[in-house]
Amino acid sequence: SQQQFVPVVSKLKDAYLIWQSFLPHVDKARRQTLASRIDLEMLETLACSFRASYIQGERKLLAIETALARLDLAKFFLVIGWEMKMLTDAQHAQLSEYLVEASKMLVGWKQYVEKKTPAESGRKR
């Protein structure tokens with residue numbers, strides 16, 4: 001049975017599965033360098049988002065912020081990969097659609113949690 005995840009975790013999981021379907025077609029040299037880094041950032045984004053779904057308060061906010069930062073890195077490295085022709089235009093477009101949507105969902109989640117979470121004294125923005 002399909003486990004229920006918060007929507008952004010499902011979106012990121014789907015994006016990761018798509019990424020994994022592209023990976024075997026990436027040449028070995030790039031798979032061990034840039035593709036490996038993209039993989040790491042996508043996994044970390046997924047891990048932080050999943051953790052954020054069940055922790056509270058400031059820790060939840062930090063996990064969401066970390067997920068956003070890691071996702072930004074993944075998207076940045078994907079652009080480089082696409083420019084290097086590691087991904088086709090169609091592959092890049094398909095994956096980007098998921099990642100951009102996930103970014104919007106994370107930003108919305110962050111804003112919601114910020115409104116709900118009483119500000120800690122001295123927290124710098």
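Biologist: Hi! Which residues in H3 are buried?
Modeller: In H3 the buried ones are Leu 34, Ala 35, Ile 38, Asp 39, Glu 41, Met 42, Thr 45, Leu 46, Cys 48, Ser 49 and Ala 52. Buried means under 20% relative accessible area, exposed means over 50%, and partly exposed is in between, using a 1.4 Å probe and protein chains only. This is a predicted model, where local features need pLDDT of at least 70 and side-chain atom pairs count only at pLDDT 80 or more, while totals for chains, interfaces and linings use all residues. Residues are numbered from 1 along each chain as its sequence is written, and side-chain values use heavy atoms, leaving out hydrogens and water.

Biologist: What covers the buried residues of H3?
Modeller: The cover includes H1, helix H2 (28-31), H4 and H5. Helices here are DSSP runs (H or I, at least four residues), strands are runs of E of at least two, and both are numbered from the N terminus.

Biologist: Okay, zooming out. How many helices and strands are there?
Modeller: The chain has five helices and zero strands, and the pattern along the sequence reads α-α-α-α-α. The C-alpha trace spans about 50 × 40 × 20 Å along its principal axes.

Biologist: And what share of the residues is buried?
Modeller: Of the 125 residues in the chain, 38% are buried.

Biologist: Back to H3. Where is Thr 45, and is Thr 45 buried or exposed?
Modeller: Thr 45 is in helix H3, and it counts as buried because its relative accessible area is 0%. Not counting residues up to four places away in sequence, Thr 45 touches Leu 12, Ala 67, Arg 70 and Leu 71. Touching, or contact, means heavy atoms within 4.5 Å.

Biologist: What about Ala 67, which residues is it in contact with?
Modeller: Leaving aside neighbours within four places in sequence, Ala 67 is in contact with Thr 45, Cys 48, Ser 49 and Leu 106. Ala 67 lies in helix H4 and is buried too, with a relative accessible area of 0%. From Ala 67 to Lys 13 it is 54 residues in sequence, and 13 Å in space, C-alpha to C-alpha.

Biologist: Which residues have the most contacts inside the largest nonpolar core?
Modeller: Those are Trp 19, Ile 38, Met 42, Leu 95 and Leu 106, in a core of 35 residues. H1, H3, H4 and H5 are the elements that give two or more residues to this core, and H4 gives the most, with nine. A nonpolar core is a set of buried Ala, Val, Leu, Ile, Met, Phe, Trp, Tyr and Cys residues joined through side-chain atoms within 4.5 Å.

Biologist: What is Ile 38 in contact with?
Modeller: Beyond its neighbours within four places in sequence, Ile 38 is in contact with Trp 19, Ala 74, Phe 77, Leu 78 and Met 86.

Biologist: What do the buried residues of H5 pack against?
Modeller: They pack against helix H1 (7-22), helix H3 (34-52) and helix H4 (57-83). Among the buried residues of H5 are Gln 91, Leu 95, Leu 99, Trp 109 and Val 113.

Biologist: How far apart are the end C-alpha atoms of H5?
Modeller: They are 40 Å apart, which agrees with the 40 Å that 28 residues should span at 1.5 Å a residue. That expected span is 1.5 Å times one less than the number of residues.
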